[in-house]
Amino acid sequence: MSEVLFLTFGLCLLLSMPVVFSLLVASITAILWGGSVPLTIVAHKLVSGIDSYPLLAIPLFIVFGEVVNKGGIGRRIVDFSQALVGSFRGGLAHANVTASMFFGGISGSATADSAAIGSVLIPAMKRGGYPATFSVAVTATSSIIGIIIPPSVDLILYGWLTDTPMDELFAGGLLPGVLIGGALMVVSYVLSARHGYGIRQPFSLPELVRRTGDTFPALLMPLIIIGGILGGVFTVTEAAAASVVYGLLVTWLYYRELKVADLPALFSDAAKTIGQVMFLLGTAKVFAYVMTIEQVPLHLSQALFEALPSTRFFALNVILICLVVGLFLTPAIATIILTPILFPAAMEFGVDPVHFGLMLVSGLALGHVTPPVGLTLLLTSSIGGVSVGQMLRPLLPFFLMLVAIVLVIAYVPAITLFIPDLMRG
């Protein structure tokens, strides 16, 4: 039955069937083939699988992302970041990375990050003397910070699948996100200095103060979300609801860019995304159920535990699996599929659930910048007016740095566990 499940799933992907339907067709085929489980279980799992309080955070954060994108917050974060770090060599590249770090603490989505930041900074970098390919490479790679720095939809998915505390996962993502941002800024500096990219802008304290004042309500958003969760003020779901209310008030009453007339279109766009995501989660639960009754995770974890001599080899294999899977699946979908398979093995090796979650999500985040389905690469290439083929060479130094940092995250648990351990006391 498990062989039929995976063979059907692979065949559907080869036929270019959307992943959500591939999961569903594979599950139904395996159930029919086995004959021991009634087909009504599909409808039951589709509904009960997403009947979860923590999952409410995902649609709320999607609505929040729409509010942020349509309310002019991305542009203000870019202006603030430019005033903050624009005077350094490769200043606009540093502003790009810095903006992604701030925006990642608001949106929780790599694609939202690349769209909001890229649409402003890629044209600005091209005007400032940076090659289009360099501008796209910086934006595409820095955008993945959005699914590592909290709030992160991918971490919410992992926490939902494994019952790992969301507040600890979010706390664990802070230092890795900052580490990735700092590493990308190093690459940007070296390449800008070597090739003479960009025009350095003089630092202006009055300009920084002005931009800080203008951006301050937006900068409070990650503090409210992350600070409220880590401080025990509210849960992740409550934080998502609070962020929607705060975002609407800021963009409507303070910035006055979001009008009442814009709300129907905003909620309509959010509803379409929410429907797609929740249907995907429901089908993933059906797929996971079939794997569970066939004991696929148990057999695989035992096989890995016997085949791999140590936790270090297991971590390396997880990163390699993430690199391969990322070529074909988006990080969110890969998280849903791989977590039930690899999590039991991680527990067998004694890996902390928070550390494994960040290891897995950061490894899968690389899939955002690898063709053919790298979403941030495709999106930013379109914005920059370059083909994906033209991006392979310019992207390489940034991608290699990302791989190196992901390995550091995997092999130095203290990076992800330092803050969660403080919370645990």
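**Charges over rings**

I then found Lys-285 over the face of Trp-160, at 5.0 Å from the ring centre.

I note that this is a predicted model, in which local features need pLDDT of at least 70, side-chain atom pairs count only at pLDDT 80 or more, and totals for chains, interfaces and linings use all residues. Residues are numbered from 1 along each chain as its sequence is written, and side-chain values use heavy atoms, with hydrogens and water left out.

**Aromatic pairs**

I next looked up how the rings pair. Rings of Phe, Tyr and Trp (its six-membered ring) pair if their centres lie within 6.5 Å; planes under 30 degrees apart count as stacked, over 60 as edge-to-face and the rest as tilted. By this rule I record 13 aromatic pairs.

One of them joins Phe-80 and Phe-102, with 5.5 Å from centre to centre and 70° between the planes, and it is edge-to-face. Phe-80 belongs to helix α5 (residues 73–85) and Phe-102 to helix α6 (residues 91–107), so this pair links distant parts of the chain, 22 residues apart. For the helix names I used DSSP runs, numbered from the N terminus: helices are H or I of at least four residues, and strands are E of at least two.

I checked how accessible the two residues are. Buried means under 20% relative accessible area, exposed over 50%, and partly exposed in between (1.4 Å probe, protein chains only). Phe-80 has 7% relative accessibility and therefore counts as buried. Phe-102, with a relative accessible area of 27%, is partly exposed.

I then turned to Phe-134 and Phe-398. Their ring centres are 5.9 Å apart and their planes stand at 55°, so this pair is tilted. Because Phe-134 lies in helix α8 (residues 132–142) and Phe-398 in helix α19 (residues 388–411), the pair ties together parts that are 264 residues apart in sequence. Phe-134 is buried, at a relative accessible area of 4%, and Phe-398 is buried too, at 1% relative accessibility.

I also noted an aromatic cluster formed by Tyr-158, Phe-314, Phe-343, Phe-349 and Phe-356.

**Packing of α2 and α13**

I examined helix α2 (residues 19–34) against helix α13 (residues 263–293): they pack at an angle of about 30°, and their axes are 9 Å apart. Axes are lines fitted to C-alpha atoms, for helices over the stretch in contact, and angles run from 0 to 180 degrees between N-to-C directions. The angle makes α2 roughly parallel to α13. Angles under 35 degrees count as roughly parallel, over 145 as roughly antiparallel, 65 to 115 as roughly perpendicular and the rest as oblique.

I recorded the crossing of α2 and α13 as left-handed. A crossing is left-handed if the near helix is turned anticlockwise from the far one by less than a right angle, and right-handed if clockwise. On the α2 side the contact (heavy atoms within 4.5 Å) involves residues including Val-20, Phe-21, Leu-24 and Ile-31. On the α13 side, Phe-279, Leu-280, Phe-287 and Val-290 are among them.

**Backbone in the loops**

I looked up the peptide bond from Pro-150 to Pro-151 and found it cis, with omega near 0°. Pro-151 is in the loop between α8 and α9 (153–162).

Asp-163 is a residue other than glycine, and its phi is positive, near 60°. I place Asp-163 in the loop between α9 and α10 (166–195), and at 70% relative accessibility Asp-163 counts as exposed.

Arg-256, likewise not a glycine, has a positive phi of about 55°. Arg-256 lies in the loop between α12 (236–254) and α13, and with 57% relative accessibility Arg-256 counts as exposed.

I finished with Leu-248 and Tyr-254. Leu-248 lies in helix α12 and counts as partly exposed at 23% relative accessibility. Leaving aside neighbours within four places in sequence, I found Leu-248 in contact with Val-67, Leu-253, Leu-258 and Leu-263. Leu-248 and Leu-263 are 15 residues apart in sequence and 9.7 Å apart in space, C-alpha to C-alpha.

Tyr-254 also lies in helix α12 and is partly exposed, with a relative accessible area of 48%. With neighbours within four places set aside, Tyr-254 is in contact with Gly-213, Asp-214, Pro-217 and Leu-249. The C-alpha atoms of Tyr-254 and Ile-148 are separated by 29 Å, and the two residues are 106 residues apart along the chain.

Terms used:
Lys NZ or Arg CZ within 6 Å of the ring centre and 35° of its normal.
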